[in-house]
Each structure stands twice: as structure tokens, then as C-alpha cells.
Amino acid sequence: MGPIRCSRCKAYINPFMSFVDQGKIFICNLCGFSNDTPREYLCNLGPDGRRRDANDRPELSRGTVEFVASKEFLVREPMPAVYFFLVDVSMNAVHTGATAAACSAISQALSDLPEGPRTMVGIATFDSAIHFYSLKRAQQQCCSIKFYLFILLNSVKFILLLQIDSDKTIVVTFKHDDKFQENSECAFQCALLYTTVYGQRRIRVINISLPCTSMLSNLFRYADLETQFTYIVKQAANGIASTPPSQVRDQVTSTCINILQSYRKYCASVSSSGQLILPEALKLLPLYTLALIKSIGLRNDGRIDDRSYWISIVSSISVFLAVPLVFPRMIALHDLASRDDEYSLIPNPLTLNSENIQDDGIYLLENGEDGFIYVGNAVNTATIEQIFGLSSLAGVPNQLVLEQFDNELSMKVNEVVNEIRRQRCSYLRLRLCQKGDPSGDFFRSLLVEDKAPGGLSYVEFLIHVHRQIQSKMT
Ligand SMILES: [Zn+2]
């Protein structure tokens with residue numbers, strides 16, 4: 001028997017469906033339809049009205065469950081897995097060791113690939129041309145994935161994806177025209193029909209049920225800044241392909257202003273008319289907005305390749321990584337050895353302001369993708385030697401491979417970088433940035449709170465936002 005579903009809207013059984021009439025009827029929480037409970041799924045209700053077996057059944061007690069798909073979900077055999085490796089063998093890649101590292105990673109990965117009789121493996125290398133190779137024997141199986149999304153009540157949308165992994169996020173905007181009932185709940189269900197790398201068909205069902213409110217202040221109180229901001233970032237990345245960056249920057253700023261203006265208009269007290277009022281949960285929205293305007297994707301002085309790369313990352317980025325990509329974290333490295341905070345390996349981040357940069361300091365700024373190590377022009381030679389193993393950084397290339405040397409500072413710097421790599425699930429390419437060099441200027445351009453040639457400082461931006469709200473209010 002496959003998972004129980006509503007016979008009208010096809011929603012999957014979930015903890016928010018209610019059983020009545022001694023368990024013989026279940027009422028769908030997505031469309032309200034009363035369904036007959038299949039005979040083999042019957043169970044008595046307890047005094048609290050819940051099924052007595054609810055706690056023993058994951059689908060009746062957990063928000064997210066996975067079902068093994070029954071025959072009706074198999075239109076045909078799952079696709080065989082195809083693993084295709086493309087290796088950079090250009091002169092630069094060979095010299096920097098990237099090619100050797102890739103080959104060694106591939107040979108390790110091959111033995112870890114899930115076994116399967118139909119699995120296929122291919123390899124190609126590229127420099128100025130692409131080279132294909134004929135391989136004798138290979139094995140694997142791939143994920144072909146269907147992503148089903150049930151949207152509110154009885155409207156169902158299907159999205160077909162070729163492949164998905166745990167690092168991808170899908171954003172959906174809901175538009176609802178009817179009125180919600182106060183004190184009722186609004187149900188969402190998302191079902192993913194997919195094939196695992198081992199060739200098993202599964203359905204992952206994710207449920208959430210949220211209370212409705214007519215109080216706008218509740219909406220602001222429980223606003224999830226990270227999620228909202230990720231949506232704004234993805235929309236901006238989506239718009240940049242067809243809209244000039246200046247226009248996208250204006251749209252992003254207007255979104256911020258409109259949100260804060262509604263709060264001002266409907267939620268803030270009248271007495272606070274002269275101030276910029278920020279809802280507690282969204283108090284960082286203007287700062288994040290400013291960071292987005294100055295990001296690699298939306299800034300004017302960026303290289304087109306960097307912008308394209310940014311857009312492609314953002315299109316699938318998770319909420320967890322979207323904020324640091326736009327609003328990076330900066331920490332001081334030079335004084336790590338003298339720091340004793342046993343609670344956290346990574347010191348408290350510094351605000352992204354050049355006032356925090358001293359000429360005798362070394363700083364790491366990371367956005368989950370890249371780590372920029374900035375070295376001031378008055379750093380003492382001993383510190384440079386401890387971290388980099390060199391007495392001078394003159395002529396050292398920007399691409400940096402951090403080595404560990406036999407001293408406490410070097411050990412701590414490596415610990416911090418490795419911890420960031422672990423947190424971000426990313427290799428974190430390191431780049432050296434030096435004061436008095438274009439790389440140093442680039443580093444400073446990432447300090448989003450500073451006034452920049454093409455952008456306002458954080459204080460100026462807050463004033464701008466405040467004025468715009470005031471002029472909309474009058
Ligand atoms: Zn239903």
C-alpha cells in the first residue's frame with residue numbers, strides 16, 4: 001500500500017489531518033474534504049481525539065517523512081546514474097597543482113560511488129580543447145527527480161528537476177486572494193518524488209501548518225529575515241539578466257523602503273514620527289539591502305564573469321549561505337594567538353567598516369565562497385613569517401594556499417579557516433589582498449558600511465531610507 005492520500009486534492013497524509021467518526025473518516029487539512037479511511041489503515045481514537053497509534057506512525061507525528069514509492073509512482077525504471085568528470089588540464093591548473101588534486105579526488109571518489117550494474121562513468125579533460133577518453137568498464141546510477149509541490153487547497157503544481165541535492169533551495173511565492181479566517185491554520189505541503197543514488201524511488205513529504213492573523217504587527221514580529229532576504233537576493237539575481245543593474249538596485253532599495261514604510265504606517269506608535277523605526281526582527285534589513293546593492297552581482301565596477309558566476313550561485317543557494325555571500329564575515333587574524341575564548345574557535349566578527357582595519361593588522365573576510373586575507377602595510381615581519389612562512393609578501397601571487405607552520409598563530413589561523421570551511425561546506429578559496437595593491441582596494445570595496453565611489457555609507461543609506469519613508473508618509 002502506498003501512502004494514504006486525500007482522494008480530492010491528492011495531498012499526502014500528515015500530522016495536521018484530523019480523524020473523526022471513530023477514525024473512519026479523515027479530514028484533509030489542505031482542502032477540507034472528508035475521506036473514508038482505508039480499512040487497513042483504521043485505528044481507534046484516544047480520549048484526546050488523536051489516533052491511538054499516532055505517535056508510532058511517523059506520517060502522523062512528524063513534519064517531514066519519507067515513503068518508499070509504490071509501483072504506481074514508477075512510470076519506468078529509474079534512469080541509470082551517469083558520473084561525468086571534467087578535468088582542467090590547462091598550463092595554469094597543472095602548475096598550481098589543481099589537476100593533480102582533481103585526479104586524486106576523482107580516483108578516491110570512484111571507489112566510493114554507489115554500486116549499480118547500469119552505472120556509467122565518463123571523463124574528459126580540457127585546456128584550449130576538450131579531450132574525450134574511451135573507458136572500458138564503469139558503473140553507476142543517477143538521480144532523476146520529480147519535484148511535486150502542492151499549492152494551497154486544491155491547486156497542484158508540478159515542477160520537474162533533472163537533479164537536486166541537499167545544497168539546493170527552491171523559492172516559491174504564494175498569492176492568495178481569499179480572506180483567511182482568524183484563528184484558522186494555513187497548511188503547506190511539498191512532496192518530492194525522487195530516485196536515490198542507490199536507485200530507490202522515494203517520496204519525501206514536508207508539511208507545515210501556520211496560524212493566520214489579521215494583525216500586521218504579528219507578521220513583523222515573526223518575520224524571518226534570513227528567508228525574506230534570500231528571496232530578495234534571488235529575485236535580484238533573476239532580474240539582472242534582463243534589467244540594467246541600476247534598476248535592480250533601485251528595486252531592491254524600494255523593497256526595503258516599502259517593508260519599513262508599512263511597519264511605520266500600521267505598527268509603529270504615532271509619537272515616534274521623527275525617527276526611523278525598524279521592526280526588531282528586520283532591524284538588519286537596511287544593512288543587508290545596502291550589502292546587496294554593493295554585491296558582486298549588482299555593483300557597477302564588477303567583471304562580467306564574476307557577475308555571471310554570482311548569478312549562477314545565487315539561483316540555487318540555500319538560505320543558510322545566501323546571507324554570508326552578500327554580507328560577509330570579517331575577523332582579525334593577527335591577534336588569534338593571544339585570544340582565549342574557549343567557547344568558539346572563530347572570534348566575533350568585526351563590522352564591515354574600514355575603521356576596523358589597522359595598518360599593522362591581518363584580516364580574513366569570508367563569504368562562504370572566497371576567503372580574502374588582507375595584510376596591512378605595517379604588519380610586523382615576525383607575524384607575517386608565523387602565518388605565511390615568508391619574511392615578506394612582496395611578489396606573492398593572490399591565489400593563496402595556507403600552510404601550517406610550527407607556531408601557535410599559524411595553528412590557530414589554520415583552525416579558524418578549517419572551521420569556516422566546515423561551517424560553510426565549502427573549500428573557501430583563499431586570496432591574498434595587500435594594502436597599496438589593487439587586491440587591497442578590492443578588499444576595501446567589500447566593506448559595505450563604508451562610503452564607496454558608487455555607493456552610500458551605512459549611515460547615509462539609513463538617512464536615505466528614512467527620508468523616503470517620510471516623503472511617502474506625507
Ligand atoms: Zn484534500
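These legends accompany several close-up views of one predicted model.

Local features are described where pLDDT is at least 70, and side-chain atom pairs count only at pLDDT 80 or more, while totals for chains, interfaces and linings use all residues. Residues are numbered from 1 along each chain as its sequence is written.

**View 1. The three domains of the chain.** The domain assignment (bounds come from an automatic or database domain assignment) gives domain 1 (82-132), domain 2 (214-327 + 448-474) and domain 3 (329-444). Between the C-alpha centres of domain 2 and domain 3 there are 29 Å.

**View 2. Where domain 2 touches domain 3.** Here 7 residues of domain 2 are in contact with 9 residues of domain 3; two residues are in contact if their C-beta atoms, placed from the backbone, lie within 7 Å. Helix H9 (residues 319-326) supplies the largest share of the domain 2 side, 3 residues. Helices (H or I, at least four residues) and strands (E, at least two) are DSSP runs, numbered from the N terminus. By class, the domain 2 side has 5 nonpolar, no polar and 2 charged residues. Ala, Val, Leu, Ile, Met, Phe, Trp, Tyr, Cys and Pro count as nonpolar, Asp, Glu, Lys and Arg as charged, and the others, Gly among them, as polar.

**View 3. Helix H5 packed on helix H8.** H5 (residues 225-239) and H8 (residues 304-316) pack at an angle of about 135°, and their axes are 9 Å apart. Axes are lines fitted to C-alpha atoms, for helices over the stretch in contact, and angles run from 0 to 180 degrees between N-to-C directions. Look for Val233, Lys234 and Ala237 of H5, which meet Ile311, Val314 and Ser315 of H8. The residues of this contact divide into 4 nonpolar, 1 polar and 1 charged.

**View 4. The sheet S5-S6-S7.** In this open sheet, 3 strands follow the order S5-S6-S7 with mixed pairing; two strands pair if DSSP finds at least two bridges between them. The edge strands, S5 (82-88) and S7 (130-132), each pair on one side only. From one strand to the next, the twist averages 25°. S5 and S6 (residues 120-126) run parallel over 7 bridges, and Asp88 stands opposite Phe126 in S6.

View 5. S12 pairs with S13 (residues 362-366) in the antiparallel sense over 4 bridges, and Arg329 stands opposite Glu366 in S13.
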